[in-house]
Amino acid sequence: MHIAMSTVEGGWSALCGVRLPAADTEQISDLLGMPCMACTRVLAARSQVTIGADPLVVLEAG
């Protein structure tokens, strides 16, 4: 599972740097598991520095 933002190309870019094509992902509404540790670290560091950042989406590879 990754925390990601949509890209201009129509795919997703996870906080950890993983690029995910839209066809290979599934957006989930509830956090039912733990995102990858790299995504979690980036999100934690970002939340301490940035307020009002763009919304992020939680994705699970399909």
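Trainee: Why is cysteine 16 called partly exposed?

Mentor: In this predicted model, the relative accessible area of cysteine 16 is 29%. Buried requires under 20% and exposed requires over 50%, so cysteine 16, at 29%, is partly exposed.

Trainee: How do you know that the sulfur of cysteine 16 is too far for a bond with the closest cysteine sulfur?

Mentor: That closest sulfur belongs to cysteine 39, at 3.7 Å. A disulfide needs the two sulfur atoms within 2.5 Å; therefore 3.7 Å is too far for a bond.

Trainee: What makes cysteine 39 count as buried?

Mentor: Its relative accessibility is 0%, and the cut-off is under 20%, so cysteine 39 is buried. Its contacts beyond four places in sequence are His2, Ile3, Ala14, Leu15 and Cys16. Cysteine 39 also belongs to the largest nonpolar core, together with Ile3, Ala4, Trp12, Ala14, Leu15 and Leu20. Strands S1 (2–6) and S2 (12–14) each supply at least two residues of this core.

Trainee: Why is serine 13 called buried?

Mentor: Serine 13, a residue of strand S2, has a relative accessible area of 16%. This value falls under 20%, so serine 13 is buried. Leaving aside residues up to four places away in sequence, serine 13 touches several residues, including Ile3, Met5 and Val18.

Conventions. Residues are numbered from 1 along each chain as its sequence is written. This is a predicted model: local features need pLDDT of at least 70, side-chain atom pairs count only at pLDDT 80 or more; totals for chains, interfaces and linings use all residues. Side-chain values use heavy atoms; hydrogens and water are left out. A nonpolar core is a set of buried Ala, Val, Leu, Ile, Met, Phe, Trp, Tyr and Cys residues joined through side-chain atoms within 4.5 Å. Buried means under 20% relative accessible area, exposed over 50%, partly exposed in between (1.4 Å probe, protein chains only). Helices (H or I, at least four residues) and strands (E, at least two) are DSSP runs, numbered from the N terminus. Contact means heavy atoms within 4.5 Å.
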